[in-house]
Amino acid sequence: MRVPVRRLLLPLAALCAFAAAGARGDGYDRWWEPGEGRTFPVQLDYPNDQGTLRLLLTGGPLETKGHPFFEPLGPNGRACITCHQPADSMSLSAQTARERWDTTQGEDPLFAASDGSNCPTLPQGDRASHSLLLKRGLFRIQLPWPTREWNGKPIVPDFRIEVVRDPNGCNSGPKYGPAAGNLSVYRRPRPLANMKYLLAVGFPFDPKQGYALPLDPDTHKPMSGNLMADNRTGNLRLQMEDASSTHLAFARRLTREQIDRITDFEMRIFAAQQTSNRGGAVDTLGARGGPAKLRDSEPGQLGSIGEPVWSEFAAWEHIPPADAARLKPEELAFRQSVARGAKVFRDKTFLITDSAGINSRIGFGNPVRNSCVFCHNMTQMGNDVAPGQVDLGTTTMPFADPMPDLPLFRITCLKAPHPHYGRVFYTMDPGFGLTSGRCADVGKITLQSMRGLSARAPYFSNGLAKDLRGVVDYYDRRYNIGYTEQEKQDLVNLMSVL
């Protein structure tokens with residue numbers, strides 16, 4: 001194992017700045033090194049290409065020295081903070097990974113061979129061996145196959161997996177791949193912020209499949225299913241144990257005290273875009289955007305509390321003349337565009353077709369006409385209040401974009417054919433199917449939160465969209481929506497301030 005490059009000690013002035021109630025993260029203090037011992041302030045701002053991300057920590061500043069989220073507790077030198085950086089809305093952008101490679105010449109623990117490279121068998125000193133992390137922000141996820149339930153009980157899958165393409169070498173050979181009892185897929189790290197929304201349960205059952213929700217083994221309450229892309233762990237403890245044994249290579253299990261301290265931090269941190277380079281602050285002139293709205297609100301569904309999704313920006317549609325006169329013309333135009341984008345998001349309907357978890361959902365047909373809020377319906381967040389996973393086609397043929405740097409698997413349903421793809425089809429990531437063992441679940445992925453998007457490109461679980469325009473373009477062609485150029489730009493502007 002290479003010895004990580006040592007980070008220069010922060011000057012005393014910078015340490016004092018971070019100990020203050022608020023701080024701005026520029027330059028060398030943008031990257032949080034495991035074990036630094038900084039104080040996490042109650043407010044922290046980071047600039048990005050679209051403006052400024054703001055993080056708010058409830059309950060006062062947090063001393064990170066000795067805190068299990070921030071300390072490297074395993075042999076690879078990583079901590080939770082390594083892959084969940086504050087500047088990236090508690091996720092990790094591909095741009096940050098590239099900057100870290102350039103700064104450390106690839107010797108940061110971020111690039112650990114186990115999952116920070118395309119495959120451990122590749123030459124680890126070569127930049128090309130880490131191309132998926134550097135280009136798409138993807139980590140390798142090695143999963144047992146056939147799968148097991150969270151309690152270790154084996155699951156007999158109703159489909160067969162065959163490797164058709166293995167460009168990185170981690171799905172074939174004596175150590176890797178189905179023949180070796182495992183499967184490697186590549187996914188983006190999900191943001192660990194705004195957790196009270198991710199844990200909220202909007203239904204007492206999974207309306208996408210008609211199943212009763214699994215119960216939390218610790219609290220015995222229904223679980224939201226919004227923590228991981230494939231829903232292989234349902235509560236924070238299980239998610240931490242999964243990450244600590246794989247990504248962090250901990251030799252020992254986390255203690256109950258460590259789990260409680262990490263949970264406390266994750267429940268206290270809120271992140272969202274606070275300012276726009278083109279429109280100014282997102283909580284002025286009647287708008288109520290930014291992380292304070294997330295901190296002070298409670299999860300709710302479209303229409304359930306009289307507050308439609310993205311109504312935070314409705315006031316920008318008709319800004320009073322006196323206020324408009326104080327804005328630059330381009331600032332006024334941008335704010336009005338954001339308001340139009342929110343209306344397009346809510347009101348422009350289209351035919352949703354061949355999407356498992358939507359068209360196979362109880363009570364809906366194929367196609368079904370609705371808008372973006374059909375799935376992105378939680379107020380303030382834009383994720384789905386209805387538990388369960390959805391297949392948008394981002395990883396599965398014929399809808400996924402060609403991504404020859406990712407593996408390709410042939411799926412053969414052994415019982416009933418897939419409801420939309422038939423008996424044999426191809427995917428770059430079987431998604432929830434790797435957890436449930438059901439062919440009908442192949443390709444399903446947990447919907448992401450829509451907050452802090454400007455800080456954590458690229459998008460979708462496999463990094464398919466390199467920017468926000470790529471997200472809009474994908475949906476437009478996937479569902480033949482027919483957005484106008486103005487509608488596309490309005491949607492991009494909306495997402496840039498979330």
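Tutor: Start with the link of cysteine 413 and cysteine 439: the torsion about its S-S bond is about -55°, so this disulfide is left-handed. Cysteine 413 sits in strand β15 (residues 408-413) and cysteine 439 in the loop between α11 (433-436) and α12, so the bond ties together parts that are 26 residues apart in sequence. The S to S distance is 2.0 Å; for a disulfide, the two cysteine sulfur atoms have to be within 2.5 Å. Helices here (H or I, at least four residues) and strands (E, at least two) are DSSP runs, numbered from the N terminus. Both cysteine 413 and cysteine 439 are buried, buried being under 20% relative accessible area, exposed over 50% and partly exposed in between, with a 1.4 Å probe and protein chains only.

Keep in mind that this is a predicted model: local features need pLDDT of at least 70, side-chain atom pairs count only at pLDDT 80 or more, and totals for chains, interfaces and linings use all residues. Residues are numbered from 1 along each chain as its sequence is written, and side-chain values use heavy atoms, with hydrogens and water left out.

The structure holds 2 disulfides, and cysteine 119 with cysteine 170 makes another of them, sulfur atoms 2.1 Å apart. This link is right-handed, with 85° about the S-S bond. It joins distant parts of the chain, 51 residues apart: cysteine 119 is in the loop between α3 (94-104) and α4 (131-136), cysteine 170 in the loop between β7 (159-165) and β8 (182-187). Cysteine 119 has a relative accessible area of 0%, so it is buried, and cysteine 170, also at 0%, counts as buried.

Count the bonded cysteines in sequence order and the pairing reads 1-2, 3-4. Cysteine 80 is in no disulfide; its nearest cysteine sulfur, that of cysteine 83, is 9.0 Å away. Cysteine 80 is still buried, at 17% relative accessible area. Cysteine 83 is in no disulfide either, and at 10% it counts as buried too.

Of the 11 residues of α12 (residues 468-478), 8 are buried, so the helix is largely enclosed by the rest of the structure. Among the buried ones are Leu468, Val471, Tyr474 and Arg478. Their cover includes α13 (485-496), where cover is judged by contact, meaning heavy atoms within 4.5 Å. After α12 comes asparagine 480, whose phi is positive, near 50°.

On the domain 1 side, Arg165, Tyr197 and Lys208 lose the most area to domain 2.

Definitions and conventions: Buried area = accessible area lost by both parts, 1.4 Å probe.
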